[in-house]
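Dear colleague,

I am handing over the structure below for your attention. Please look through it before reading the notes that come after it.

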Amino acid sequence: MFGFLYDYPSKATCSKKMSEKSYHVLKTTKMEFGGTCGVAAMIVSLPLTVYTINLACDKESCSITRLPKFPSFSYFFDVEATYIFFGWLAFQVVLSLLPIGEVVPGQPLKSGKTLIYRCNGFHALLISSAAFGLAVYCDVPLTIVYDKFYQILTAALVYSVFLSIALYFKSTLVANYKLAPGGNTGSIIYDFFMGHELNPRIGSLDLKFFCELRPGLIGWVMLNFVFVLKAYQETGTFPPALTMVTAFQTLYVADGLYFESAILTTMDIMHDGFGYMLIFGDLVWVPFLYCLQTRYLLEHPTELTWYTMCGIVALNFVGYYIFRSSNSEKNEFRKNPHDPKFANYETIPTVSGKKLLVSGWWGMVRKPNYLGDLCMALAWSLPCGLNALTYFYPIYFLILLVHRERRDGNECKKKYGSSWDRYCQRVKYRIFPHLY
């Protein structure tokens, strides 16, 4: 994704530059994930998790109790697969640089700097989908992506490690005000994992913004399309369960890309550095684990009754409605809290001048969008039946969102102080009404 530094609002460019340079990122004193030892273990265990889960779920069986057979080391490396991965990455970079889409200013950073982003991710999804359709029409052997799944995964992993190392060394050369407040401990391993630089850029390409929503998320959709194509080539039909889950996940990704500018207010963009945690997550974890249900449904076709499918569709769209309407309510209130539609909404004032919304969705629970997310996650796994391994995504996502809600809560406590305490007293439940 491309953008450029934008001085906003500024009376004089020189004074703005001085204020940026005078801002000093303090040493990070509070470590997460068990500190240096914890993140060191995660650097090794996260890739092993991706391989182990995928290898445990193959054509023969898919069982959480089955010890997967790891092929020889050389099996995971393939030149053609490497070309496929880098070709896909380059294609997405080109799409991100196209002069289409809305140009949006990000949130002001603590350094006083505001970055500008071009939001054309939805266009990239449409173009990628059209290119996929054209390739099918031209008889391009797209199912090679399925055949070389593990080799492409390995190429993505190797690149993630290389990019993380390169960006860490780059971060040691930049000015202090460009560093991430959460990744400035002085511990090489910890800062490498969390990300030492906040918003690394190469020319006009914002690496974090690009990777957050482009190669991994759109790649996840393309993997699903490949699985549907493979099923059609083998059976001559579009399996209902596989097609349904593919449609669910495509809608989810399309929504994220259509409302791409919303990510600019998230902790990932504003607080977290761009290191191994986000790079590996964006390029490896998301595309190659989140497609587990669709790959399972390709290799283990499931027959569902019409009323079962209707129930699953209803659950997914209830989840999507909660997710989208709560996010839209939040984003509209942030843009214009004086909009007449919020006239009867109750708010809590803060010392920063902003107001905390305690009506509507955000008066029910603190993270209603997470509730919608989890409903959809469950709907994606239900078509797989009672296979425990295919429920990895909703279980993992529950743990992730519970942890993320805690992180967000801590940041809000620092930012809003006693106003946040009042909000928590009013809105007692975090994600699940009357439960948690």
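Predicted model: local features only at pLDDT ≥ 70, side-chain atom pairs only at ≥ 80, totals over all residues.

**Helix α10 and its two partners**

I begin with helix α10, which spans residues 240–258. One of its partners is helix α13, residues 292–299, and the axes of the two come within 9 Å, crossing at roughly 165°. Since angles over 145 degrees count as roughly antiparallel, α10 is therefore roughly antiparallel to α13. The crossing in which α10 passes α13 is left-handed. On the α10 side, the contact is formed by Ala 241, Leu 242, Val 245, Thr 246 and Gln 249. On the α13 side, Gln 293, Thr 294, Leu 297 and Leu 298 take part. Sorted by class, this contact of α10 with α13 holds five nonpolar and four polar residues, with no charged residues.

Another partner of α10 is helix α15, residues 368–381. Here the helices pack at an angle of about 155°, and their axes are 10 Å apart. The pair α10 and α15 is therefore roughly antiparallel, and its crossing is left-handed. From α10, the residues Val 245, Phe 248, Gln 249 and Tyr 252 meet Asp 373, Met 376, Ala 379 and Trp 380 of α15. The contact of α10 with α15 comprises six nonpolar residues, one polar and one charged.

**Helices α9 and α12**

How do the axes of α9 and α12 cross, and within what distance do they come? They cross at roughly 20° and come within 8 Å. Angles under 35 degrees count as roughly parallel, so α9 and α12 are roughly parallel to each other. In this pair, α9 passes α12 in a right-handed crossing. The residues Pro 215, Gly 216, Leu 217, Trp 220 and Leu 223 of α9 make the contact with Asp 282, Leu 283, Val 286, Pro 287 and Phe 288 of α12. By class, the residues of this contact are eight nonpolar, one polar and one charged.

**The second largest pocket**

Finally, I turn to the second largest pocket, which holds about 550 Å³ of space. Its lining consists of 25 residues, and those nearest its centre are Ile 84, Trp 88, Val 145, Met 222 and Val 226. Two or more lining residues come from each of α3 (79–96), α4 (121–137), α5 (144–147), α9 (215–235) and α12 (276–289). Which element gives the most to this lining? It is α9, with seven residues. The lining of the second largest pocket has 21 nonpolar and four polar residues, and no charged residues.

With kind regards

Technical notes
Residues numbered from 1 in each chain as written. Heavy atoms only, no water. Axes fitted to C-alpha atoms, helices over the stretch in contact; angles between N-to-C directions. Helix = DSSP H or I, 4+ residues; strand = E, 2+ residues; numbered from the N terminus. Parallel < 35°, antiparallel > 145°, perpendicular 65-115°, else oblique. Left-handed = near helix turned anticlockwise from the far one by under 90°. Contact = heavy atoms within 4.5 Å. Nonpolar A, V, L, I, M, F, W, Y, C, P; charged D, E, K, R; others polar. 1 Å grid on protein atoms, 1.4 Å probe; cavity = no way out; pocket = protein on both sides within 12 Å on 5 of 7 lines; lining within 4 Å. Points joined across faces, edges and corners; volume = space filled by probe spheres on them.
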